[in-house]
Number of protein chains: 2
Amino acid sequence: MSGHEKSRLLSSAVADQRLLQHKVKPTAMRVLVLEYLLTQQTAISLNDLEKGMQPADRITIYRTLKTFEQKGLVHLIDDGTGVHKYALCDDACGPAEHHDLHVHFYCNNCKETYCLSDSKIPEIALPDGFGFNEMNLVVKGHCDKCRS
Amino acid sequence: MSGHEKSRLLSSAVADQRLLQHKVKPTAMRVLVLEYLLTQQTAISLNDLEKGMQPADRITIYRTLKTFEQKGLVHLIDDGTGVHKYALCDDACGPAEHHDLHVHFYCNNCKETYCLSDSKIPEIALPDGFGFNEMNLVVKGHCDKCRS
DNA sequence: AATTTCATGCAATGCAATTGCATTGTTTCA
DNA sequence: TGAAACAATGCAATTGCATTGCATGAAATT
Ligand SMILES: [Mn+2]
Ligand SMILES: [Mn+2]
Ligand SMILES: [Zn+2]
Ligand SMILES: [Zn+2]
């Protein structure tokens, strides 16, 4: 068995396990999508996912991502560009409860969207009578790679 | 002159002056749009603007809003619903500089989008090398009217 | 093996932002 | 004043996504 094949099997095993942990049946498509997501350092759009992966149907990827989101495997990011981005959840998110209330960062230069998992959103003082459920904070500027 | 006509002239005068202050030529259409915006308590979408006003062309309203935005008269709000909302700037915003870094609130019940002009966005600690220009914070929950 | 349930692929739809272009109104200046 | 230059308007068309419908194929359940 070649080294390449071996590492392929290994990553498949990792992906498989992660899918099973979240009660998602590990089909070929889902393993491929998850593996691709695991290689990403930043959030990715459906378009880029489609382009980057082996030829695969766009809609199937779309539905795969939706399943992943529902099962707490990935979270959808609205970075204000108008197109949705997806990124893996790092904590143990489950269905119907994403605890990824972290800041997202959009680089105006390289157009990449980062999950700033360590930058938590601070408490916001709301006017009387207002109660909050969720919040979304997107910071825009220049990332570390685009400042040298 | 009737009371109605008088107040109409007065509001026109107010709108006119506000337009001139921002170097926008006060055409009939622009005055109408601005007057309508002045009556709103919450941010409004292009659709609702079109429905609420006297019959007027959608695209013209769209371009009017774009002009207003460029001249610092209104700011565009991305509340995460996918449709843009517009609201008047309260401070003296000028072209190319909106200083309305306030929080926006979206009510999941009545679907209204509020400008929380008093809730400023706090400082966020970014990772090393990241520099910020703008930010967008949207809080979602229930507004004061929807909690009684 | 038959039946049900789930996953996939392709086509079609929906919706809102944006642009092109022709027309009309407004300003500028000879 | 009257032509030329410029700006605003209205209508049609386009774009770019997200989302859904439906038919086919694979997997699980009996
Ligand atoms: Mn994230
Ligand atoms: Mn606002
Ligand atoms: Zn960058
Ligand atoms: Zn409400």
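Colleague: Is H75(A) buried or exposed?
Modeller: This is a predicted model, and its relative accessibility for H75(A) is 3%. The cut-off for the buried class is under 20% relative accessible area. With its 3%, H75(A) therefore counts as buried.

Colleague: Which ion has H75(A) among its protein donors?
Modeller: H75(A) gives its NE2 atom, as do H102(A) and H104(A), while C115(A) gives SG.

Colleague: How many residues apart are H75(A) and H104(A), and where do they sit?
Modeller: H104(A) has a relative accessibility of 4%, so H104(A) counts as buried. H75(A) belongs to strand β2 (residues 74-77) of chain A and H104(A) to strand β4 of that chain. The pair links distant parts of the chain, its members being 29 residues apart.

Colleague: What arrangement do the 4 donor atoms around the zinc ion (ligand 3) have?
Modeller: The donors are the SG atoms of C107(A), C110(A), C143(A) and C146(A), at 2.2 to 2.4 Å. Four donors count as tetrahedral if all angles lie between 85 and 135 degrees. Around the zinc ion (ligand 3) the angles are 102 to 116 degrees, which makes the arrangement tetrahedral.

Colleague: How many residues apart are C107(A) and C143(A)?
Modeller: The donors of the zinc ion (ligand 3) are spaced C-x2-C-x32-C-x2-C along the chain. C107(A) is in strand β4 (residues 102-107) of chain A, and C143(A) is in the segment after β6 (131-142). Both C107(A) and C143(A) are buried. The pair links distant parts of the chain, at a separation of 36 residues.

Colleague: In chain B, which residues coordinate the zinc ion (ligand 4)?
Modeller: The site of the zinc ion (ligand 4) is tetrahedral, with angles of 103 to 115 degrees among its 4 donor atoms. Its donor residues follow the spacing C-x2-C-x32-C-x2-C in sequence. C107(B) lies in strand β4 (residues 102-107) and C143(B) in the segment after β6 (131-142), so the pair ties together parts 36 residues apart in sequence. The coordinating SG atoms, at 2.2 to 2.4 Å, come from C107(B), C110(B), C143(B) and C146(B).

Colleague: What pattern does chain A follow along its sequence?
Modeller: Chain A has 4 helices and 6 strands. Of its 148 residues, 39% count as buried. Read along the sequence, the pattern is α-α-β-α-α-β-β-β-β-β.

Colleague: What area is buried between chain A and chain B?
Modeller: On each side the contact involves 31 residues. In chain A, I124(A), F130(A) and K140(A) lose the most area to chain B, together 20% of what that side buries. Carbon and sulfur atoms give 60% of the buried area, which is about 2500 Å².

Colleague: How many salt bridges does the rule find across the interface of chain A and chain B?
Modeller: A search of the whole structure finds 4 salt bridges over all chains. One of them joins R58(B) and E50(B), with the closest N and O atoms 2.7 Å apart. For the interface of chain A and chain B, the number found is 0.

Colleague: Are K85(A) and D79(A), which meet in a salt bridge, buried or exposed?
Modeller: The N to O distance between the side chains of K85(A) and D79(A) is 2.7 Å. K85(A) has 9% relative accessibility, so K85(A) counts as buried. D79(A) has 0% relative accessibility, so D79(A) too counts as buried.

Colleague: Which class of accessibility holds E50(A) and R58(A)?
Modeller: The side chains of E50(A) and R58(A) meet in a salt bridge of 2.7 Å, N to O. The relative accessible area of E50(A) is 26%, so E50(A) is partly exposed. R58(A), at 30% relative accessibility, also counts as partly exposed.

Colleague: With which residues is V31(B) in contact, leaving aside its neighbours within four places in sequence?
Modeller: V31(B) is in helix α2 (residues 28-38) of chain B. Its relative accessible area is 8%, so V31(B) is buried. The contacts of V31(B) beyond those neighbours are S12(B), A15(B), D16(B), L19(B) and P26(B).

Definitions and conventions:
Residues are numbered from 1 along each chain as its sequence is written. Chains are lettered from A and ligands numbered from 1 in the order in which they are written. This is a predicted model: local features need pLDDT of at least 70, side-chain atom pairs count only at pLDDT 80 or more; totals for chains, interfaces and linings use all residues. Side-chain values use heavy atoms; hydrogens and water are left out. Helices (H or I, at least four residues) and strands (E, at least two) are DSSP runs, numbered from the N terminus. Buried means under 20% relative accessible area, exposed over 50%, partly exposed in between (1.4 Å probe, protein chains only). Donors are N, O and S atoms within 2.8 Å of the metal (3.2 Å for Na, K and Ca); water is not among the atoms, so sites may look incomplete. Four donors count as tetrahedral if all angles lie between 85 and 135 degrees; four count as square planar and six as octahedral if opposite donors are over 155 degrees apart and all others between 65 and 115; anything else is irregular. Contact means heavy atoms within 4.5 Å. Buried area is the accessible area (1.4 Å probe) that two parts lose on being put together, summed over both.
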